[in-house]
Amino acid sequence: MTLEGKRLLIVSNRLPVHLDKLNSSWVVRPGSGGLVTAMVPLMKQHRGTWIGWPGSDETAPAEQLLNDYSCSHDFDVVPVMLREEDVALFYRGFANQSIWPLFHDLLGHGSFDLEQWLRYVEVNRKFAEVTARHIEPESFVWIHDYQLMLVAKFLRQFGVTLPLSFFLHIPFPAVDLFRRLPWRAEVMEALLEFDHLGFQTAHDRRNFIQCVKWFAPGAQIQARRRESFLRYEGRTIRLGFYPIGIDFNEFAEQARSREVEEATWFLHENLRSRVLILGVDRLDYTKGIPLRFLAF
């Protein structure tokens with residue numbers, strides 16, 4: 001992937017900032033998580049635009065707050081405003097109750113609901129509408145993760161012909177799992193509208209290729225070690241795996257700061273009789289946290 005001469009346009013479910021209400025006033029706070037950690041340094045380098053949900057309801061003055069934020073930072077942020085019902089059905093519903101457990105091989109935690117699926121489709125269309133308004137001829141359009149797997153399909157319907165890239169930040173399931181999804185054909189069809197699909201591991205890419213063989217039998221596959229290619233309906237689609245890292249220098253600098261030094265001293269002085277274990281995972285059933293405690 002090269003960004004030379006391009007303006008980076010990232011689209012993800014959440015912005016790298018979120019809006020909170022504090023004493024009847026709205027404030028902009030920095031976001032967290034693996035996507036933010038990996039992408040923010042890249043956005044600063046290329047003065048890009050980031051599109052996503054700011055984590056607030058429609059009563060927040062998002063346009064004004066985020067315009068002010070963009071003016072004082074190294075990249076622009078553009079909101080996609082969602083209703084509470086959208087968040088309940090699209091995000092907490094289909095994305096996290098259907099796709100998340102299915103793609104993590106934890107079917108016992110999942111369910112499939114038609115209303116949630118229809119809202120997932122609707123919200124993906126809304127993200128595509130906002131994205132289409134901000135695409136320029138020199139844009140490098142990069143869409144992220146399992147919440148937005150249908151966005152390329154709608155962008156094509158809106159007449160966008162620029163190359164579209166996608167990165168999946170969770171595993172991609174094997175055929176026997178993917179076929180359990182009632183809307184597997186619609187999801188596969190939408191993913192094949194992208195020009196470049198990125199996965200975290202070679203195993204995930206291999207699973208995707210096997211699913212293509214089952215659910216898009218007309219595709220011609222040219223497998224290579226690092227990147228593979230599909231010929232599908234007259235188009236070439238590139239498939240690669242790209243393990244994500246962090247900005248090491250930024251983390252190392254923070255670790256050497258006086259603030260961290262003082263916090264470390266405080267913990268050691270006040271918890272002398274305790275064994276301290278540092279974890280950076282969120283409280284999610286896929287993280288196996290109870291099993292980790294048992295292991296320790």
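The entries below follow that order.

I worked from a predicted model, in which local features need pLDDT of at least 70, side-chain atom pairs count only at pLDDT 80 or more, and totals for chains, interfaces and linings use all residues. Residues are numbered from 1 along each chain as its sequence is written, and side-chain values use heavy atoms, with hydrogens and water left out.

**Cores.** I looked up the nonpolar cores, sets of buried Ala, Val, Leu, Ile, Met, Phe, Trp, Tyr and Cys residues joined through side-chain atoms within 4.5 Å; buried means under 20% relative accessible area with a 1.4 Å probe, protein chains only. The largest has 62 residues, and Phe103, Ile143, Phe172, Leu191, Leu192, Leu197 and Phe208 touch the most other members. Helix H3 (residues 84-103) gives this core its largest share, eight residues; helices are DSSP runs (H or I) of at least four residues and strands (E) of at least two, numbered from the N terminus. Apart from this core I found another, of 24 residues, including Ile10 and Val40.

**Leu192.** Beyond four places in sequence, I noted contacts (heavy atoms within 4.5 Å) from Leu192 to residues including Phe208, Leu230 and Ile237.

**Strands.** I then checked pairing, which requires that DSSP finds at least two bridges between two strands. Strand S11 (residues 235-241) runs parallel to strand S8 (residues 196-199), with four bridges, and antiparallel to strand S10 (residues 227-232), with six. His196 has Arg238 as its bridge partner, while Leu230 stands opposite Ile237.

Notes. Buried means under 20% relative accessible area, exposed over 50%, partly exposed in between (1.4 Å probe, protein chains only).
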